[in-house]
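Visitor: I would like to learn how to read helix packing, sheets and ring pairs in a model. Please show me.

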Amino acid sequence: MLLEIKDVYGGYGSGDIVKGVSCYADSGDVLCLVGPNGCGKTTLFRLMLGSIPISKGSITIDGRDIRDMSTKERANLIAYIPQYHSPVFAYTVLDIVIMGRASHFSSFETPKTADREAAFEALKKVNALHLANKKYTAISGGQRQLILIARAICQSAKIFVMDEPAANLDYANHQLLMEVIGDLAKRGYCIIMSTHSPEHPFSVGTKALMMKAGSVAAFGPPKEVITSESLQSVYGIEMDVFTTRDRYGVERTICLPVKGLEANSLKEV
């Protein structure tokens, strides 16, 4: 198993935010973390990345505990893709992607031909090669998200950690991003992404981790985890989960908040 999280506790200062979380993901998996704000998704990411200490339990990549790895070793295995990124300088897109190679050379080295070639190949994988010479600050939010993914590919990591990657995107770029994530999984990358959309695990996910108050509410295949009962338990609102087919016959699962009798009566009054 590529990534294993076993009974992990951790947080900030003396208190644990994440409490006893266990889950796993392998190459080709898309593990979707769902749950309300403050449930511990981002803290779990920081524990995985080694930026805050684990107080109990273990996180292993390819069987190695991340606490036994150097920062450089972790960077060669796991890449973080933030929700939003705005650099101070107007770097070109190619420059931003090449920065993903930083863990592969020392502070005094400059990128080599092989690094540039790796950057071009990464841009090709996210269908953004045409943006290579544009200023990163001049492209759209959706394009920036693709470039950050290309930078992670260029990093040569096996695991991509994405913090709500579609949060600031319009609907079209949202759909494009989900297609890119699905394609990356088919190429063998392991994607760990947090999301506020309970439908994402159905559209791109192979596994879902539902969290509540820092603990695991449910973990497993999306169809077993994302149910009307689990959504109401975690979010505190009634929701229907149903499956339909689009005009091309592709199965789609929709999570729809229920407009109950109480809401109707309030509207009528």
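Guide: Start with angles. Axes are lines fitted to C-alpha atoms, for helices over the stretch in contact, and angles run from 0 to 180 degrees between N-to-C directions. Contact means heavy atoms within 4.5 Å. Helices (H or I, at least four residues) and strands (E, at least two) are DSSP runs, numbered from the N terminus. Here, helix α5 (residues 141–154) lies across β6 and β7. Its direction runs at about 165° to β6.

Visitor: What kind of model is this, and how are residues numbered?

Guide: It is a predicted model: local features need pLDDT of at least 70, side-chain atom pairs count only at pLDDT 80 or more, and totals for chains, interfaces and linings use all residues. Residues are numbered from 1 along each chain as its sequence is written, and side-chain values use heavy atoms, with hydrogens and water left out.

Visitor: In what order do the strands of the open sheet run?

Guide: Two strands pair if DSSP finds at least two bridges between them. The open sheet has six strands, ordered β6-β7-β8-β3-β9-β10, with mixed pairing. At the edges are β6 (78–81) and β10, each pairing on one side only. From one strand to the next, the twist averages 15°. Strands β9 (residues 207–212) and β10 run antiparallel, joined by five bridges. Leu209 stands opposite Phe219 in β10.

Visitor: Which strands does helix α1 touch?

Guide: Helix α1 (residues 41–49) packs on the sheet and touches β3 (30–34), β6, β7, β8 and β9. Its direction makes about 150° with that of β8.

Visitor: How many aromatic pairs are there?

Guide: A pair of aromatic rings is described by the distance of the centres and the angle of the planes. Rings of Phe, Tyr and Trp (its six-membered ring) pair if their centres lie within 6.5 Å; planes under 30 degrees apart count as stacked, over 60 as edge-to-face and the rest as tilted. The count comes to three aromatic pairs.

Visitor: Why is the pair of Tyr24 and Phe219 edge-to-face?

Guide: Their ring centres are 5.2 Å apart and their planes are at 80°, so the pair is edge-to-face. Tyr24 is in strand β2 (residues 15–25) and Phe219 in strand β10 (residues 215–220), 195 residues apart.

Visitor: Is the pair of Phe160 and Tyr189 buried or exposed?

Guide: Buried means under 20% relative accessible area, exposed over 50%, partly exposed in between (1.4 Å probe, protein chains only). Phe160 and Tyr189 are both buried. They are stacked, at 4.8 Å centre to centre and 25° between the planes.
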